[in-house]
Amino acid sequence: SSLPFLKVFKFYFEYSWDNPNNRIWDEQLKQFQGNFWQNQHQWYTEYSLSTKSASVYTIPYILDECNLTADIKRYSNEVIKHVNPFDSVRNLRIFANEFTQKCQYYFSDITSLTLAGSSRVPYNSLLSIKFIEYLETIVNLTNIKRLVIGVCWTLDTSFVLMKILKQSPNLSSLA
């Protein structure tokens, strides 16, 4: 009521912690998908929870970068499920290779991809063909111009690097 002319409202809020209680956060963040947000203002949000953080953001996602961890769970908005909220993301950092379930994220226009270490698996992460196939379900590798593979990663075989290079024709920087 204090801002009657406010039509566009975009945000990204994140909170990190050492001792989580995801049930409390889940209930609090669900409020951003209620009547006030969706029906009264057509402001659509999603939220994500991991063991160390929670975030809530408007759709489309306003940031051009995103960090993805294996333990992150996305709570998408059922009202606009057909929309890909991450089309604006250009820089993606993936922490860890121990993804055990189908990823809930897809990034269509990434130009910079970093494969970083995880706090749970800081060394000897295996960059395998299986991981690259999994990566292709998360990222459109065609648009990648910059690829950084962290020191914690070990190539399973030389074919892994060849597969990445074949899938990334626009690659101009490899570190």
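I started with S7 and S9, which run parallel and are joined by 4 bridges. I count two strands as paired if DSSP finds at least two bridges between them. The strands themselves are DSSP runs of E, at least two residues long, and helices are runs of H or I of at least four residues, with numbering from the N terminus. In this pairing I found Leu 113 standing opposite Leu 147 of S9.

Ground rules before going on. This is a predicted model, where local features need pLDDT of at least 70 and side-chain atom pairs count only at pLDDT 80 or more, while totals for chains, interfaces and linings use all residues. Residues are numbered from 1 along each chain as its sequence is written, and side-chain values use heavy atoms, with hydrogens and water left out.

**Parallel sheet**

I looked up the strand order next: S4-S6-S7-S9-S11, an open sheet of 5 strands with parallel pairing. S4 and strand S11 (173-174) are at the edges with a single partner strand each, so one side of each has no neighbour in the sheet.

Strand S4 (residues 65-69) pairs with S6 in the parallel sense over 5 bridges. Here Leu 68 sits opposite Ile 94 in S6. On to S6 and S7: again I get parallel pairing over 5 bridges. Arg 93 has Thr 114 in S7 as its bridge partner.

My cut-offs: buried is under 20% relative accessible area, exposed is over 50%, and partly exposed is in between (1.4 Å probe, protein chains only).

Val 148 has a relative accessible area of 17%, so I log it as buried.

**Antiparallel sheet**

The other sheet I looked up is open too, with 4 strands in the order S1-S3-S2-S5 and antiparallel pairing. S1 and S5 are its edge strands, each pairing on one side only. From one strand to the next the twist averages 15°; the axes are lines fitted to C-alpha atoms (for helices, over the stretch in contact), and angles run from 0 to 180 degrees between N-to-C directions.

Inside this sheet, S2 and strand S3 (residues 53-58) pair in the antiparallel sense over 5 bridges. Thr 45 has Thr 58 in S3 as its bridge partner.

Then a peptide bond to flag: Ile 59 and Pro 60 are joined in cis, with omega about 5°. Pro 60 is in the loop between S3 and S4. For context, most peptide bonds are trans.

**Salt bridges**

How many salt bridges does the structure hold? I get 2, taking a salt bridge as a side-chain nitrogen of Lys or Arg within 4 Å of a carboxyl oxygen of Asp or Glu.

One is Arg 74 with Glu 46, the closest N and O atoms being 2.8 Å apart. Arg 74 lies in strand S5 (residues 73-75) and Glu 46 in strand S2 (residues 45-49), so the pair ties together parts 28 residues apart in sequence. Buried or exposed? Arg 74 is buried at 14% relative accessible area, and Glu 46 is buried at 2%.

In the other, the side chains of Asp 109 and Arg 90 meet at 3.4 Å, N to O. Asp 109 is in the loop between strand S6 (91-95) and strand S7 (112-116), Arg 90 in the loop between S5 and S6, so-called distant parts of the chain 19 residues apart. Asp 109 is partly exposed at 27%, as is Arg 90 at 29%.

**Cysteines**

I looked for disulfides (a pair of cysteine sulfur atoms within 2.5 Å) and found 0. Cys 66 is buried at 8% relative accessibility, and Cys 152 is buried at 5%.
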